[in-house]
Amino acid sequence: MIIDAKSIIMTLLIAAVAFYVGLKFVRKFALSIAQENHDAVTAMDQAAESKLKKKQRDADAAAASAYAKVEPLITVPQAMLGGGIGSNNSSRPSSRPTSPPTLSTTGSSTSDAV
């Protein structure tokens, strides 16, 4: 085999073209893997998000159901409140004693309040 400048240049040119084609192939292969990975991660994220939303809906429904069962026990009727906070019902008699209770000297406790 004759080693001269022409054969060295041709060898370098062939090696460069082969390297270029090889790199293009590897790049294309890596891109397809990255796209598949991205699609898989996106699908997993969507599945996790839908599970989370379902859990939140179920929790909200359970909380609403529990509150609906307990609400009658925790609400105070308006009649017991005297018409609500800040209402002025002067026609209604006061439920507070007008004078403090007094103790009799006989030992029994009586109240002068109505």
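The term salt bridge denotes a side-chain nitrogen of Lys or Arg within 4 Å of a carboxyl oxygen of Asp or Glu. Side chains of opposite charge can pair when their charged atoms come close. Lys54 and Asp58 are four residues apart in helix H1, about one turn of the helix. Lys54 has a relative accessible area of 46% and is partly exposed; Asp58, at 43%, is partly exposed as well. On this scale, buried means under 20% relative accessible area, exposed means over 50%, and partly exposed lies in between (1.4 Å probe, protein chains only).

The structure holds two salt bridges. Lys53 and Glu49 also meet through their side chains in a salt bridge, at 3.6 Å from N to O. Both residues belong to helix H1 and stand four residues apart, about one turn of the helix. Lys53 is partly exposed, with a relative accessible area of 43%, and Glu49 counts as partly exposed at 43%.

Helix H1 spans residues 5-74 and includes Val21. Together with Met10, Leu13, Val17 and Tyr20, Val21 makes a nonpolar surface patch of about 510 Å². Patches are made of residues with over 30% relative accessible area and no salt bridge; like charges are joined within 9 Å, and nonpolar side chains (Val, Leu, Ile, Met, Phe, Trp, Tyr) within 5 Å. Val21 itself is partly exposed, with a relative accessible area of 49%.

The protein as a whole has two helices and two strands, arranged along the sequence in the pattern α-α-β-β. These elements are DSSP runs numbered from the N terminus: helices (H or I) have at least four residues and strands (E) at least two. Of the 114 residues, 2% count as buried. The protein exposes about 10,600 Å², of which carbon and sulfur atoms supply 65%; accessible areas come from the Shrake-Rupley method with a 1.4 Å probe, and for residues only the protein chains shown count as cover.

Confidence is expressed as pLDDT, the predictor's score for each residue from 0 to 100. The protein averages 81, and 67% of the residues score at least 70. Among its elements, H1 has the highest mean pLDDT (95), whereas strand E2 (residues 109-110) has the lowest (50). Where pLDDT is low, the predicted coordinates should not be read in detail.

Local features need pLDDT of at least 70 and side-chain atom pairs count only at pLDDT 80 or more, while totals for chains, interfaces and linings use all residues. Residues are numbered from 1 along each chain as its sequence is written, and side-chain values use heavy atoms, with hydrogens and water left out.
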